[in-house]
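Let's take a walk through this one together, starting with the whole chain and ending at a single residue. Have a look around first.

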Amino acid sequence: MSTALPELPIRRLTRDDLTLCADLSEERGWARDEGGWGLLLAAGTGFGIDDPAGKGLAACYVVTSYGPRLAAVGKLLVATAYGRQGFGSRLMRHALAAADQTQLLLYATAYGQPVYQRLGFIEVGRVEQFHGQLRDAAVDAPAGLVTRRAMAEDIPEVVRLDAECFGVDRTSMITRLPAAVDQMWVAEEDGALVGYAASWPGASSTIAPVTARDSRTARALIASLARSTAEPLRMHVDVRHKEVLDWVRESGLESVGATVTMTHGGDDLPGDWRRCFAPLSLATG
């Protein structure tokens, strides 16, 4: 006897499910992003509902834990055939139950925001999405600032800077980042690392994260990544960073939408938003 849709079991995903996850992304009109899926399934924990018709996954999500204080939810996807049947709400309730007292962070589209609001998530910020070719990008980099490709020996300092800016330890994610991205750059001054950024391969080169001590350093890193690819760029910028928003618009990128930063379990996120210009979470989900 077949199982009713609301009773279909939620199972733990593994690296062996990477292709199924990428297939579901593609079916919903997202990039396959196998690199991002591989990173998330290695650094986080994925959950999914198998399609009862035997066509892969009906729905899935990934949660990445950063200790008892914060966890990020991403890649919540429901196959088109099962849309508006409660799968998304069920998976998010599953995430909330597992989180217990841990604060959850996610980035919501206009489609998903009402669902999350009904489950108690609140809006704490907004991120604007840009796409296009970065041209005529004038960068007033501070004197003495150097941007260059990251090397293996930079990773401990990148981990340190990321924890300082993001507010929690993301070692499990950051140490895997170089293997997943297309390129990774750092900014340094007087031998000290003061920023880092990465870009992901695809039809458009997605720049994320961008973490830097100030907007001038952030712009220098973005320009360095842009000069190193012929692909169009896609990136998300925290709307509080007006200088960077204005700069990317003036340099040729077009605004193509926005996502809402939402949390459950508190509205005070850790870290220093003034140094977090483009979130990693939107590159990976």
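For a chain of 285 residues, a compact globule would have a radius of gyration near 19 Å, and this protein chain agrees because its value is 19 Å (taken over C-alpha atoms, with the globule rule being 2.2 Å times the number of residues to the power 0.38). Along its principal axes, the C-alpha trace spans about 70 × 35 × 35 Å.

Keep in mind that this is a predicted model, where local features need pLDDT of at least 70, side-chain atom pairs count only at pLDDT 80 or more, and totals for chains, interfaces and linings use all residues. Residues are numbered from 1 along each chain as its sequence is written, and side-chain values use heavy atoms, with hydrogens and water left out.

The protein chain holds ten helices and 13 strands (DSSP runs numbered from the N terminus: H or I of at least four residues for helices, E of at least two for strands). Of its 285 residues, 53% are buried, meaning under 20% relative accessible area with a 1.4 Å probe, protein chains only.

Helix H2, residues 34–43, is mostly covered, with seven of its ten residues buried; Trp-37 is one of them.

Now hop to Thr-263, in strand S12 (residues 254–264). Its C-alpha atom is 22 Å from that of Trp-37, 226 residues apart along the chain. Thr-263 counts as buried because its relative accessibility is 1%. Leaving aside neighbours within four places in sequence, its contacts (heavy atoms within 4.5 Å) include Gln-103, Phe-121 and Leu-269. A polar atom of the Thr-263 side chain also lies 2.6 Å from the backbone oxygen of Gly-266.

Methods. Buried means under 20% relative accessible area, exposed over 50%, partly exposed in between (1.4 Å probe, protein chains only). A polar contact is a pair of N or O atoms within 3.5 Å; within protein, one must be able to donate a hydrogen and the other to accept it, and residues adjacent in sequence count only if both atoms are side-chain atoms.
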